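Subject: Structure for your records

Hello,

Please find the structure below. Notes on what was found in it come after.

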Amino acid sequence: MDDDRYISKKEVLEQMGISYGQLYRWKRKGLIPEAWFTRRSTFTGQETFFPRDKILERIRQIKEMKGDHPLDDLADVITQQVNAKLQVAFERLRRLQWFDDSVLETCSIDRERSKPLTIKETLCVAVVSQLRKAARAEELDLVHRTLHERLDEGLLDRIGEERLRLHLLRKRLSGGGISAEISLVVIGPEKLILDPEIERVEDVDLGHMLERIKLDLANEAEGGSPDEAPERETEDER
Amino acid sequence: MNDDKRSASLAGAGKLSGGDYTRVSISGAGKVTGDIKAEALRISGAGKVEGRAEAIQITVSGSGAFGGEVVADEMRVSGATRIDGMARVKELKCSGSYRVRESIVSEYVKVSGVLRAGGDVEADLLKTSGGFEIEGLLSADKIEIRPGGRCYAKEIGGAKIDVRRGGYRERGILLDGLVRMFSGKGTAELRSTVIEGDEIHLEDTIADVVRGTRVEIGPGCRIKTVEYSEELQIHPNAEVGKQQKV
């Protein structure tokens with residue numbers, strides 16, 4: 001696999017100066033997510049690869065912190081750290097007016113809340129934000145509910161691998177002088193084959209969105225401003 | 001329902017509803033409907049828990065079936081146990097047969113019978129002298145395998161991995177018979193695709209790839225590729241296809 005974004009287990013051990021024993025122990029303690037392990041056949045036999053930036057960063061974190069915390073607690077500590085970073089981002093995103101109160105309301109997040117946002121909530125907020133110009137209120141609610149439920153069922157791990165996008169669609173039904181429009185939210189691959197009567201309102205690249213959130217989190221210094229949610233024509237004819 | 005904890009004992013054929021108990025003992029053909037929480041759960045007949053079981057100590061000496069997850073500090077099995085979920089057992093000692101549909105998460109595992117897991121097996125220390133079949137990853141800080149029957153794990157990883165002849169040869173005839181019965185013809189060997197560790201000693205092992213810091217390939221091994229970073233020793237009665245210092 002000569003993809004720069006991935007690194008083999010051997011290289012990880014060598015670069016970070018750790019042992020197989022440590023790596024397997026950390027995996028057992030939930031410090032390295034199962035989803036990061038990708039098995040590939042190479043000319044020397046089966047090998048395990050990891051997303052390079054993620055694994056190196058995580059191991060640095062573990063090495064740095066394992067002196068201060070028992071290994072069993074470290075998983076909690078690391079997730080808390082990630083959450084703390086998220087909160088920083090949350091405040092910054094708010095200042096940048098990346099979302100407004102209506103978005104928070106749609107995502108049922110208390111705007112005065114002190115608890116940090118989870119990565120799932122952040123993704124919901126980001127997606128709803130991006131769609132808020134093109135979509136109607138009830139569609140935003142549908143988007144939020146769809147994401148919220150599916151994210152609880154392990155969607156997060158699949159986003160990157162399956163390059164998932166969230167599509168917002170509308171279809172008009174008419175007959176007998178009455179016409180109605182229904183909205184659909186679909187999470188699937190980029191290219192959907194739809195019947196010709198379905199209108200695409202907008203779609204969001206979930207992987208791209210996640211990356212953007214993480215990039216923003218990694219970039220703790222002020223100034224790494226995320227770009228504004230892109231403007232789109234509103235297709236709101238009735 | 002009151003919250004008072006009760007003890008229950010089923011001696012004939014009976015049913016027990018789930019709930020919170022101190023001691024539960026099933027010595028006939030008993031069934032627990034629903035989830036159960038107890039300090040001690042003892043099955044010496046044919047017992048079945050239809051839901052999740054959580055106890056400090058679980059003992060199975062007859063046949064025990066669990067419909068859901070099993071959580072315990074200590075579990076001893078000398079009969080046959082089947083778990084249709086995950087087993088989270090800190091200390092697991094099995095001299096009978098132990099089948100888990102999903103993974104086993106443990107600290108100390110000792111198997112002298114037969115163990116099967118549909119998922120991974122994780123522990124700090126694992127010792128086996130019987131047979132096993134693990135569909136996922138077998139991972140522990142220290143792994144000691146004395147094949148006493150057919151042993152298979154899709155992948156094996158840990159700090160110290162030690163596989164040596166022994167197993168059933170050192171045990172009584174009765175257990176030997178049991179192990180052979182469960183594990184087939186009595187070929188005592190270990191098979192795996194990838195074995196990775198810091199210190200590895202292997203005997204009677206068939207694997208595609210062995211990767212380690214210090215590696216000893218002992219008698220009876222057939223390994224396609226060995227990658228090592230510090231030291232490699234190969235016994236004359238071992239076959240190694242390719243070796244590479246990395």
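This is a predicted model: local features need pLDDT of at least 70, side-chain atom pairs count only at pLDDT 80 or more; totals for chains, interfaces and linings use all residues.

Residues are numbered from 1 along each chain as its sequence is written, and chains are lettered from A and ligands numbered from 1 in the order in which they are written.

Between the chains, 11 residues of chain A are in contact with 20 residues of chain B (contact: C-beta atoms, placed from the backbone, within 7 Å). On chain B, β14 (131-145), β15 (150-163), β16 (189-202), β17 (205-217) and β18 (222-234) each supply at least two residues of the side that touches chain A. The most comes from β16(B), with 5 residues. Helices (H or I, at least four residues) and strands (E, at least two) are DSSP runs, numbered from the N terminus.

In chain A, 3 strands form an open antiparallel sheet in the order β5-β4-β6; strands pair if DSSP finds at least two bridges between them. β5 (178-188) and β6 (198-205) of chain A are at the edges with a single partner strand each, so one side of each has no neighbour in the sheet. β4 (residues 165-175) of chain A pairs with β5(A) over 11 bridges, in the antiparallel sense. Arg172(A) has Glu181(A) in β5(A) as its bridge partner.

Regards

Technical notes:
Two residues are in contact if their C-beta atoms, placed from the backbone, lie within 7 Å.
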